[in-house]
Amino acid sequence: MDDQTILERLAAIVGPAALGTTADDLEPWLTDWRGRVTGSALALASPGSVAEVQAIVRLAGEAGIALVPQGGNTGMVAGGVPRPDDRAILLSLRRMNAIRSIDPADNSLTAEAGAILSTVHAVAKKHGRRFPLSLGAKDSATIGGLIATNAGGTQVLRFGSMRALTLGVEAVLPDGSLFEGLSTLRKDNRGYDLRQLLAGSEGTLGVITAASLKLVPAAPHRTVAWAGLDSAEKALALLRALEAALGDAVESFELVPDTALALVLQHIPNTRAPLDGPHRWHVLIELRTATSAEDLRARSEVALAKALKDGLIVDAVLAESEAQAADFWKLREVISEAERLDGMAAKHDVSVPVSAMPGFIESAAAAVERRFAGARVIAFGHLGDGNVHFNVRAPAGSDDEAWFAETGDAVSRFVHDLTRDAGGSLSAEHGIGQLKLAEFGRLADPVRLAALRAIKDALDPRGIMNPGKLVPLANPAENP
């Protein structure tokens with residue numbers, strides 16, 4: 001099928017106003033937000049209904065053309081943009097953004113794939129409930145994209161990743177059929193769980209069009225603390241001490257090195273350090289309860305005072321207001337932005353066992369800096385779930401682009417090898433996408449790869465769904 005025929009049929013499906021074909025139409029959506037990959041596409045189609053998505057998928061199959069689903073384009077591994085040489089239909093779900101229903105008694109909400117995360121938060125709050133997943137891109141990330149990438153965020157410690165919070169999924173499969181799986185059943189033992197399979201599939205097995213999400217009772221009272229420590233090992237001991245003292249009230253526990261905080265203070269306006277004096281490590285702690293704000297704060301003060309007495313922390317402060325709590329969180333959420341303003345970095349989203357994370361951060365950073373003279377490591381992340389954002393910057397004063405062109409791939413291989421040797425994963429919460437595909441193929445267990453390829457081939461035998469992402473094929477030339 002020639003390009004003009006494809007465009008005419010797309011226009012007939014979605015209407016001319018919902019079809020972008022010019023360079024100006026396509027340009028904003030062809031590059032991942034980090035600016036690492038710019039792909040090519042024949043058109044950007046923005047369906048307004050499930051039926052239109054089905055028609056587009058059937059057309060892609062008939063034409064043998066790649067189909068690339070895209071949510072908010074906030075992914076970190078270029079999974080939602082076409083490849084540079086693709087002849088693809090870029091499929092935007094942003095028009096399909098309705099909240100279809102909310103059932104407070106069932107603790108569930110059903111949203112279309114294009115619904116923005118912050119909108120889901122707001123709707124749940126109006127009904128005395130909460131959707132307990134948050135991340136820095138909450139004002140642009142979409143529900144479909146979050147499920148497709150099995151997003152993590154800052155509350156995985158207590159509530160798990162997006163996969164754990166997805167009760168049901170509606171999705172168009174590669175043959176154009178509709179999987180109507182929006183049931184909110186908590187127990188459903190009917191064989192393979194397609195909902196779980198689609199979560200984390202990065203658009204390679206189908207197009208998520210809607211989802212039923214798990215809500216929890218609102219916990220309006222929160223206490224946010226910032227503590228300074230002299231080692232990452234003491235941070236883990238502090239987490240366990242707070243869990244023993246405060247139980248499920250501990251929702252977030254973010255580990256931040258002084259080097260990362262310094263970059264934020266240098267590059268991000270209207271930021272300031274919460275504590276006086278230097279500290280090698282910092283932790284940002286959020287505690288929540290549905291009962292009494294005063295009791296939570298008092299118990300937090302007692303727990304932190306004991307940690308200070310026991311030598312786990314050097315200093316700590318509790319936010320005195322919601323505005324100050326937001327300021328503390330901003331320091332954590334803008335680390336990536338501050339890094340980008342400072343220069344290029346090789347970013348690695350890895351995970352290791354929680355008990356190994358403090359030692360891994362220290363030893364792996366030292367190993368990288370020995371192996372690559374002048375390289376500067378910033379490692380931070382979600383200590384409670386073992387997720388390390390292990391970023392390597394070029395030597396100070398060097399030509400960043402030249403250094404990374406020569407050294408970047410070797411740095412990433414070295415970091416991933418260290419992660420594997422620590423019993424970890426090269427992808428904790430960002431996915432595989434395009435950027436980690438080769439490394440995944442290099443490091444993955446052959447049995448795992450064979451199973452992934454078998455699933456992909458069974459559900460998408462024509463290979464039209466987001467080719468070149470997530471699943472390293474035995475013969476990449478098989479991709480359309």
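## Charges over aromatic rings

In this predicted model, Arg94 is placed over the face of Trp29, at 3.8 Å from the ring centre.

## Aromatic pairs

The structure contains four aromatic pairs. One of them joins Phe360 and Phe390, whose ring centres are 6.0 Å apart and whose planes meet at 55°, so the pair is classed as tilted. This pair links distant parts of the chain, since Phe360 belongs to helix H14 (residues 357–371) and Phe390 to strand E19 (residues 387–393), 30 residues apart.

Arg158 is partly exposed, with a relative accessible area of 34%, whereas Glu251 is buried, with a relative accessible area of 0%.

Arg297 also forms a salt bridge, with Glu320, and the closest N and O atoms are 3.1 Å apart. Because Arg297 lies in helix H11 (residues 293–309) and Glu320 in the loop between strand E15 (315–318) and helix H12 (322–333), the pair ties together parts that are 23 residues apart in sequence. Arg297 counts as partly exposed at 23% relative accessibility, while Glu320, with a relative accessible area of 63%, is exposed.

## A salt bridge within a helix, and a network

Glu243 and Arg240 meet through their side chains in a salt bridge of 2.8 Å, N to O. The two residues are three residues apart in helix H9 (residues 232–246), and are therefore separated by about one helical turn. Glu243 is partly exposed, with a relative accessible area of 26%, and Arg240 is likewise partly exposed, with a relative accessible area of 39%.

Elsewhere, a network of salt bridges links Asp417, Arg420, Asp421, Glu439 and Arg442.

## A nonpolar surface patch

Leu194, Leu197, Ile455 and Leu459 make a nonpolar surface patch of about 260 Å². Helix H8 (194–198) and helix H17 (446–459) are the elements that give two or more residues to this patch. Leu197, found in helix H8, is partly exposed, with a relative accessible area of 31%.

Notes: Residues numbered from 1 in each chain as written. Predicted model: local features only at pLDDT ≥ 70, side-chain atom pairs only at ≥ 80, totals over all residues. Heavy atoms only, no water. Patch = residues over 30% accessible without salt bridge, like charges linked within 9 Å, V, L, I, M, F, W, Y side chains within 5 Å. Areas by Shrake-Rupley, 256 points an atom, 1.4 Å probe, with all protein chains shown as cover. Salt bridge = Lys/Arg side-chain N within 4 Å of Asp/Glu carboxyl O. Helix = DSSP H or I, 4+ residues; strand = E, 2+ residues; numbered from the N terminus. Buried < 20%, exposed > 50% of the residue type's maximum accessible area, 1.4 Å probe, protein only. Phe/Tyr/Trp six-rings, centres within 6.5 Å; stacked < 30°, edge-to-face > 60°. Lys NZ or Arg CZ within 6 Å of the ring centre and 35° of its normal.
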